[in-house]
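Dear colleague,

I am handing over the structure we spoke about, and below it you will find my notes on what turned up in it. Please read them with the structure open beside you.

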Amino acid sequence: MKKMLVTASIVLMATLPVTASAQSVPAKPIHNGQGVAQNKVKASPGTIGQITNYVNDKTGKFITVTGHGLVTTDQSEIILSITKSTKIIDSKGKKVSLKKIIEDNKTVKAFYDPKITKSIPARGKALKLVVQDQDFTGINGTISEVNENGIVVEGTDIYTTHKDKIVLHFADKAQILDQNGKAIKISAIKSGMTVKAFYGPAVTMSIPAQSTTDYVVVNMATDEVVQEDAVGTNGIITNVADSKFTVIGNSMKKGGVDYVILSVDENTQIVNQLGKSLTLEALKTDVRVEAYYGEMMTMIYPAQTHAEKIVVKETEHNKVEGTIVTSNSTTKDQLYINVGSDQFSNNDVILNISEDTKVISLLGGETVLRAGMKITAYHSPMMTKSLPGITNAEVVIVTFDDKVEAPK
């Protein structure tokens, strides 16, 4: 197995600029003898994002700006006509070539006439394009993990359409909205919800990448498949041999086991979280699944049975392999892992062990974790910037214990 470099390249974003919002521009005060009054001039609506389409033909010159509105009532995507009166400038007021903006995929703040069509996307007249000093990108996807500092999103890059997975940390003044544009708290966000998030410009080179987001739109409905009355295991495929798949995790509310070997055949239904059918090739080592099966199974350890349905939840997970060692850097509920069981420490990790951590020994017997054991651990993508990095362990599998003889 390849050793994972899980900490060396992980650098959390310190502070990143927040995308600007539209401002009201005050006019000069008018004195009417009864004190001072001000006429407020409302700023033009605007969209901040990248130019995703450009048309220049006999009908005119048009751009499509895709991103998010400067305020919630503004358009997230709009088609704008470019005329001789359209100002195209940088943040210092200097004229900029539209062609250069498009070629460099620059982020722009596009202000337009309030009179727009009711089409989707809306169409209007561009008043001013302001090239931003800082660029950003975006992702449409599904949230696979949430904590108080951020979210893990798997989906598609809004501008490149490439598949992506990223850990997003919330900026101090991040706008977090529901699908109706209403502000929500982080505590309202759950795994399985779909999301549109913008982040950058700084992105780490870690796997998965990490960045800071200041604008997130969350669809509060979840697409996760739920089967309340089924027996099964919610876990990770840890081994594949022929048509047998080992799944380790937590049993369902209705019942099941935390460690099971499942046989899969043409009678097994394999789907993704949206219910779309998948082939056997989707079941790979390190994939997170919900596996459903009948209550009849072998009485040996681990239990073995036939899989009736498997829901593939993620295409990959974070894993380390190494040896538990003693360290002054850990507390009572932490384990220091010498990743790769080698002489190097720059890729080691500290695992937080909680009551939610599932600990399984392939050797049988006790599962009390101690120094000297060799383990495989699946953990959260969220990790501190410290060396070694600290993260939450979800599943810990003991693969070697010098005090226990391996089963023959």
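A residue counts as buried when its relative accessible area is under 20% and as exposed when that area is over 50%. Please bear in mind that this is a predicted model. Thr 64, which is found in strand β6 (residues 60-69), has a relative accessible area of 9% and is therefore buried. Leaving aside its neighbours within four places in sequence, Thr 64 is in contact with Gln 50, Ile 51, Thr 52, Asn 53, Glu 77, Ile 78 and Ile 79.

The largest nonpolar core has 19 residues, of which Ile 151, Leu 168, Ile 189 and Val 195 touch the most other members. Two or more residues come from each of β11, β12, β13, β14 and β15, and β13 gives the most, with 6 residues.

As for the rings, the structure holds 3 aromatic pairs. Phe 136 and Phe 198 have their ring centres 5.4 Å apart and their planes at 75°, so this pair is edge-to-face; it links distant parts of the chain, the two residues being 62 residues apart, and both of them are buried. Tyr 259 and Tyr 301 also form an edge-to-face pair, at 5.3 Å centre to centre and 85° between the planes, but here Tyr 259 is buried, at 9% relative accessibility, whereas Tyr 301 is exposed, at 52%.

Finally, two charged side chains sit over rings: Arg 123 lies over the face of Phe 62, at 5.4 Å from the ring centre, and the charged end of Lys 374 sits over the ring of Phe 400, 5.8 Å from its centre.

With best wishes

Key. Residues numbered from 1 in each chain as written. Predicted model: local features only at pLDDT ≥ 70, side-chain atom pairs only at ≥ 80, totals over all residues. Heavy atoms only, no water. Core = buried A, V, L, I, M, F, W, Y, C linked by side-chain atoms within 4.5 Å. Buried < 20%, exposed > 50% of the residue type's maximum accessible area, 1.4 Å probe, protein only. Helix = DSSP H or I, 4+ residues; strand = E, 2+ residues; numbered from the N terminus. Contact = heavy atoms within 4.5 Å. Phe/Tyr/Trp six-rings, centres within 6.5 Å; stacked < 30°, edge-to-face > 60°. Lys NZ or Arg CZ within 6 Å of the ring centre and 35° of its normal.
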